[in-house]
Amino acid sequence: MEKSYSASYAAAGVDITAGYRSVELMKQYVARTMTENCIGGLGGFGGLFELDCTGMEHPVLISGTDGVGTKLRIAMLLDKHDTIGIDCVAMCVNDVICAGAKPLVFLDYIACGKNIPEKIAEIVKGVAEGCVQAGCSLVGGETAEHPGMMPEDEYDLAGFTVGVVDKAKILDNSTMQPGDVIIALPSTGVHSNGFSLVRKIFDIDNNPDVLKKTFDGMDKPLGEALLAPTKIYVKPVLAVMDEITVKGVSHITGGGFYENIPRSLKKGCAARIAKADVRIPALFDVMQREGGISEHDMFNTFNMGVGMVLTVAPEDADKAIAILKAHGEDAYRLGTIVEGDGVELV
């Protein structure tokens, strides 16, 4: 690569040598995610992964893609870029496990105004950490320098994952019925949704110093609480699925309870949840108070402290919670399935 340099391209705002430097810096992080199924290394035109379908009768691939949204703005204001990649991975892998799939590979895409190799490497460090938490391999990615399209110090981040599930084990809500138990897996905070409203509530764009403030009821500054990476639920949820029939899984993202929980419900079934049973972190109370947001809009925008829900038969609930707790999740009973439609918050 020593001869690969274009003075004309650099004059236009794209430094291709910075791209090579970024790759060198990130290699140590990517290496953490490599498994025996990975073929080759970084630098090829595609990421190779040997698919092992041992024990599967009819393997089905499932894919998911997402970004981090305007949470990136918080990372930029705090100049902290080593965890935002975890969010990117989480938003993708938490989706594919809703079908019962194990994530296999991940790819990221970073668009930036100016390629600062150290910053790009920090972003990828977070992506790699997310992949380790999810048990998947970071087999490739792309960093694109966009001078004139975005300010030099800004970037956008998106990702893509592919998972696999035996066709017979794809999650099926056909046996869901009234009396089934809804289990909550706590979130680590706002996760990666609703940040346009968060920024408006605190007027963050015009008053970034508010990120240093610790509000009443909180034990850390606002910025630190908001930047907490999205929880990755892959390993604990798959552990439950290995031992128990799970009838439905919902990843609580944008749209909150009202939009996401119904996506896993059988027709004719509703989720009845007592608001008093939702363990709401102080951060959400602060946001509701500071923004004058209605309770409905809070539950229709944010996860309210619940990052994922599982539905199981009542006789399986205690065992499911025990498995989740054994894997570090402080899971609890959130509600029950009743006849009806959608979500009933009572």
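Student: What should I know before I start?

Tutor: Residues are numbered from 1 along each chain as its sequence is written, and side-chain values use heavy atoms, with hydrogens and water left out. The model is predicted, so local features need pLDDT of at least 70 and side-chain atom pairs count only at pLDDT 80 or more, while totals for chains, interfaces and linings use all residues.

Student: Which domains does the domain assignment give?

Tutor: You get domain 1 (7-166) and domain 2 (180-345), with bounds that come from an automatic or database domain assignment. Taken over C-alpha atoms, their centres are 25 Å apart.

Student: How do I read the interface of domain 1 and domain 2?

Tutor: The size of an interface is often given as the accessible area lost when the parts come together. Here, domain 1 and domain 2 bury about 2,300 Å² between them, with 71% of it on carbon and sulfur atoms. Buried area is the accessible area (1.4 Å probe) that two parts lose on being put together, summed over both. Of the area that domain 1 buries against domain 2, Lys71, Ile74 and Ile97 supply 25%, more than any other three residues. As for contacts (heavy atoms within 4.5 Å), 30 residues of domain 1 touch 29 residues of domain 2.

Student: How do I read empty space?

Tutor: Rolling a probe the size of a water molecule over the atoms shows where empty space is left. On a 1 Å grid over the protein atoms alone, a cavity is a set of points where a 1.4 Å probe fits but cannot get out; a pocket is an open set with protein on both sides within 12 Å along at least five of seven lines; lining residues have an atom within 4 Å of a point. Points are joined across faces, edges and corners, and a volume is the space filled by probe spheres set on them.

Student: Where does the second largest pocket lie?

Tutor: Both domain 1 (7-166) and domain 2 (180-345) give residues to its lining, so the second largest pocket lies between them. This pocket holds about 710 Å³ of space. Its lining has 32 residues, with Gly100, Val165, Lys169, Leu238 and Asp242 nearest the centre. At least two lining residues come from each of β4 (102-112), β6 (155-166) and α8 (234-243).

Student: What about the largest cavity?

Tutor: The largest cavity has a volume of about 40 Å³, and Lys114, Glu152 and Tyr155 are among the residues that line it.

Key. Helices (H or I, at least four residues) and strands (E, at least two) are DSSP runs, numbered from the N terminus.
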